[in-house]
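Please read the points below with the structure open beside you.

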Amino acid sequence: MKRKLTVREWMLLGVLAVLAAVSGYVMLFYIPTTAARDSALTETESCRLELEAAQLRLAEKRRMERELEEIFAREEEPRALADYDNLQPVMMELHTVLTGTEYSLSFGTVDTAQHIVRREISLSFTCSGYDTAKAVLQRLHDSLYRCMLSNITISLGQAADGGAAVSGSLVYFECQT
């Protein structure tokens, strides 16, 4: 008993075929293509960010190379880092530089976790005036041993004799072999 399909059934089969074709297109072509496109866009953005970071690192490297060339182009030889446990010579240097002032030193921790050792020293001194304080700080900066001055404050008229009171911190750098 074969029966013929009615027009309504043919229309429903047509709608079903169109629906199956659209679903097949979406599932087999549109979704994978969209996912691949989104993945490519994400990867492109990631590569762009990596390129920008690499360009920044390259610019910083070139700046540091120029700075090193300038340092080595000077007539004076750049100062090397002292070997680790350079405390006695540092103390002698500080005493020499701070002669003529009333000073106090407070030694902090010594950071030996890395190849470059950091020796922190809190410093305060009083002297006759601003020019003397500036000269002492300049001598500390230009010392034989590499150091960094930070948190420096100069208070004029605060010393007992009306001079300058200076406080701050020094970090001496030493090379651990």
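Which residues are buried in α3? The points start there.

1. Basis of the note. This is a predicted model, in which local features need pLDDT of at least 70, side-chain atom pairs count only at pLDDT 80 or more, and totals for chains, interfaces and linings use all residues. Residues are numbered from 1 along each chain as its sequence is written, and side-chain values use heavy atoms, with hydrogens and water left out.

2. Buried side of α3. The buried residues in α3 are Ala133, Val136, Leu137 and Leu140. They cover an arc of only 95 degrees around the axis, which puts them on the same side of α3. The arc is taken from the directions from the helix axis to the C-beta atoms. Buried means under 20% relative accessible area, exposed means over 50%, and partly exposed lies in between (1.4 Å probe, protein chains only). Helices (H or I, at least four residues) and strands (E, at least two) are DSSP runs, numbered from the N terminus.

3. Length and cover of α3. Helix α3 has 12 residues (130-141) and should span 16 Å at 1.5 Å a residue; its end C-alpha atoms are 16 Å apart, which agrees. The expected span is 1.5 Å times one less than the number of residues. Elements covering the buried residues of α3 include α2 (87-98), β3 (116-127), β4 (147-156) and β5 (164-175). Contact here means heavy atoms within 4.5 Å.

4. Helix α2. In α2, the buried residues are Val90, Glu93, Leu94, Val97 and Leu98. Seen down the axis of α2, they fall within an arc of 115 degrees, so they line one face of the helix. The face turned away from that buried side carries the exposed residues Gln88, Met92 and Thr96. Among the elements covering the buried residues of α2 are β2 (102-111), β3, α3 and β5. After α2 comes Gly100, with a positive phi near 95 degrees.

5. Nonpolar patch. Val18, Val22, Tyr25, Val26, Met27, Leu28, Phe29, Tyr30 and Ile31 form a nonpolar patch on the surface, with about 920 Å² of accessible area together. Such patches are made of residues with over 30% relative accessible area and no salt bridge, with nonpolar side chains (Val, Leu, Ile, Met, Phe, Trp, Tyr) joined within 5 Å and like charges within 9 Å. Accessible areas come from the Shrake-Rupley method with a 1.4 Å probe, and for residues only the protein chains shown count as cover. Phe29 sits in helix α1 (residues 7-73) and counts as partly exposed at 47% relative accessibility.

6. Salt bridges. How many salt bridges does the structure hold? There are nine. A salt bridge is a side-chain nitrogen of Lys or Arg within 4 Å of a carboxyl oxygen of Asp or Glu. One of them joins Arg3 and Glu9, whose closest N and O atoms are 2.8 Å apart.

7. A pair within α1. Arg48 and Glu45 meet in a salt bridge of 2.3 Å, N to O. Being three residues apart in helix α1, the two are separated by about one helical turn. Glu45, Arg48 and Glu52 are linked in a network of salt bridges.

8. Arg119 forms a salt bridge with Asp85, the closest N and O atoms being 3.5 Å apart. Arg119 lies in strand β3 and Asp85 in the loop between β1 (82-83) and α2, so the pair ties together parts that are 34 residues apart in sequence. Arg119 is buried, at 6% relative accessible area, whereas Asp85 is exposed, at 54%.
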